[in-house]
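Please open the structure in your viewer and keep the selection panel at hand. The tour moves from one selection to the next, with a short account of what is there at each stop.

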Amino acid sequence: MIKVKNLYHSYSKDDKYAVKDASFEVEKGEIFGFLGPSGAGKSTTQGVLTGLLQLQKGEVTVAGYDAKKFSKKMFNDIGMSFEQSNVYNKMTAKENLAFYAKLFDVETKDPQELLELVGLGDKANLKAGDFSKGMKHRLTFARSMINNPKLWFLDEPTTGLDPAIAATIKDIIWNEKKNGVTTFLTTHNMFIADELCDRVAFIVDGEIKLIDSPRNLKLQYGAKFVDIEYIKDNDSARESLSTVEAKDRNRIKELLDTYEIQTMHTKEATLEEIFIKVTGRGLV
Amino acid sequence: MKLWYSFTKELKLASRSFYFYIELFFAIIILVVVLFAIPENFSNSTTEYLYLDMPVENAAAFEARLLDEDSDNTADKMEIKIKKELIPVTYYETEDRKIYLVESEDDLVKLADNKKQLGAVIKVDMSVSPPVTSYKYYLQGYETDRLKNLYKVIHNSNLATLEAAVEDQEVRSLSTEYTVLSDREHTIPSLLTFNGSLMGMFIIAAYIFLDKEQGIIKAYAVTASSVWQYLMSKTLVITVTSIVTTAIIIIPVMGGKPDYLLMLLFLITTGFFASGIGLLISAYFRSMAKAFNAIYVLMVAMMLPAIAYFIPGWEPFWIKLLPAYYIIQGFSEIIVKGGNAGYVLLLSLGFLAAGSVLFIWATAKHKKSLTA
């Protein structure tokens, strides 16, 4: 669905690249996570893929269209949810969606149904300018689905949402995957990526450091640990020990034989820990 | 159809926006000023302060002649207060002159100076034979050389000969279809140019900068609709607004006199041209604040022809290089009875062509910069 080969992009049109030699492919029906801290090059890459930024160097194909000459028809198959909500404040939620529906040449979703889907059904006739930040974000998200996109670009889709609404959004994304929709998810939220993505790419300073599935990354980079809580000298003690290293394995045996164990949990490395381990950078 | 949807959406947004009501308010203000502050015709009456430096008998003869010409054949004795001083005068009023006779040259100078009007001393020298009449003028300093030369000609020629020569001259009008605009109507072309066309340039740029600021353009850019449709929908809204605001001004002032079909055509083409300039500005700048200088300079440059329009004696050649000059000329031809429709059609064609070039240029530039 997306093919990117040796992509470079510089805002100053010199050798200060925001994206450097990026290459990756996204398969049909896949949820592909593009992960990195702020300023890593995520939005720039997404900008080139959606035609918001001109292709300067490299080869990019999106939904079968060459980025050198994107056709407006392509956008009939594409949906885009922006991190910054950008709806018409002076129009109602329903008017916003109804207007955008008319800008596509394909069958579109019913605005009211979409608003119900994102929990704004009862706010359909309110002006978007009166919405909270989270509500505007949901409206922007709903708008990205209006044309039944086959390829869906989501930029931080759960940012600023409360956990219950964020869970609803995740369910919607998951359901769309079941319908065969390909999703390009840009985020710095590793929990979302871990839950939703088939594969993730780590991008730092414009360079892709690694691409793999969250499971493979955990198997490859995540050392397994056991958290043990036990009673020692009438007091509670706790240790986190590796299940791989010999010294720690012996210690686990010793604790089990010697002390009264209160709790014992296995623990996998998080995607965020792996990101830090691989890139040497945090996500902020 | 997408253009139609975008247009109706823009119309809806405009009706809910601040700028739309500014335009309507401004049109109403112009109408009120034109109807109530600008007289149908400005008064042609001149005010003169005169001192008669001549023997009593000559002065009496002069005053008798003034009395004959006076509208109520009465000489009014009055006092004019200058600062704290009261100056006695005798007042005569004819059809086109207000004449104040004063009692000394000092009083004359004070009045001419304070009232900023013409003062003249008419002197008859009886010491020579035959007596010689001379005139001394106190001017304000801003009078043109033409006027000064006219005074010289009048006082160095035989008045009877001059009058006879003027009477003998035959003046024939090439066209008898022309009607002369009243002073109030004369202000209309420049006001329409500013309100109908140039305001459009500013407002369309404001609309686009607002969309840029709110990120709405990015959302539009990832739809199956084209940039030109987005820009054209804005242009159409500006055109509709301009037609409405022009109607608010022109109908109460001019009634059924103008050729409204021609005016509609001219409004559309000049509005299209002015919108094209606004679109270009919004393509080359990121925000209203950054574009302010460019907009200001353009607005001033476009308003200069209006100054030339009101001061016929000032019309440097470069004024004719400014499009607003031709917009004013076009509106003049439309509102005057028997105006040159062919000239207006030619101008409309020119503005349509120039507007098309600007629109294509702006679309190409916006494609590159709309989302950046």
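Begin by selecting helix H8 (residues 246-258) of chain A, where Glu254(A) and Arg251(A) are three residues apart and are therefore separated by about one helical turn. If you display their side chains, you will find that Glu254(A) forms a salt bridge with Arg251(A), in which the closest N and O atoms are 3.1 Å apart. Glu254(A) counts as partly exposed, because its relative accessibility is 40%. Please keep in mind throughout that this is a predicted model.

Next, move to chain B and select Glu105(B) together with Lys136(B), whose side chains meet in a salt bridge with an N to O distance of 2.8 Å. This pair links distant parts of the chain, since Glu105(B) belongs to helix H4 (residues 105-115) of chain B while Lys136(B) belongs to strand E6 (residues 132-138) of chain B, 31 residues apart. Glu105(B) is partly exposed at 23% relative accessibility, and Lys136(B) is also partly exposed, with a relative accessible area of 41%. While you are in chain B, select Lys9(B), Glu10(B), Asp211(B) and Lys234(B) as well, which are linked in a network of salt bridges.

Now show both chains and turn to the place where they meet. How many residues does each chain bring to the contact? Chain A gives 25 residues and chain B gives 23 residues. Between them the two chains bury about 2,300 Å², and 65% of this is on carbon and sulfur atoms. On the chain A side, select Lys72(A), Tyr88(A) and Leu103(A), which supply 27% of the area that chain A buries against chain B, more than any other three residues.

Staying at this contact, look for the charged pairs: there are three salt bridges between chain A and chain B. One of them is formed by Glu95(A) and Arg16(B), with the closest N and O atoms 3.0 Å apart. Helix H2 (residues 93-101) of chain A provides three residues, the largest share of the side of chain A that touches chain B. Over all chains, the count comes to 20 salt bridges. Glu95(A) lies in helix H2 of chain A and Arg16(B) in the loop between helix H1 (2-15) and helix H2 (18-37) of chain B, so this pair joins two chains. Arg16(B) is partly exposed, with a relative accessible area of 27%.

Return to chain A and select Glu30(A), which lies in the loop between strand E2 (19-26) and strand E3 (31-35). Is Glu30(A) buried or exposed? Glu30(A) counts as buried, because its relative accessibility is 8%. Its side chain reaches the backbone nitrogen of Glu27(A) at 2.7 Å. Beyond its neighbours within four places in sequence, Glu30(A) is in contact with several residues, including Lys177(A), Asp198(A) and Arg199(A).

Finish with the strands of chain A. Strand E1 (residues 2-9) and strand E4 (residues 57-62) run antiparallel and are joined by five bridges, and here Lys3(A) stands opposite Thr61(A). Thr61(A) also has Asp66(A) in E5(A) as a bridge partner. E11(A) and E12(A) form a hairpin with two residues between them, and Asp233(A) in the turn has a positive phi of about 50 degrees.

Methods: Residues numbered from 1 in each chain as written. Chains lettered and ligands numbered in written order. Predicted model: local features only at pLDDT ≥ 70, side-chain atom pairs only at ≥ 80, totals over all residues. Heavy atoms only, no water. Contact = heavy atoms within 4.5 Å. Buried area = accessible area lost by both parts, 1.4 Å probe. Salt bridge = Lys/Arg side-chain N within 4 Å of Asp/Glu carboxyl O. Helix = DSSP H or I, 4+ residues; strand = E, 2+ residues; numbered from the N terminus. Buried < 20%, exposed > 50% of the residue type's maximum accessible area, 1.4 Å probe, protein only. Polar contact = N/O pair within 3.5 Å; in protein donor to acceptor, adjacent residues only side chain to side chain. Pairing = 2+ DSSP bridges.
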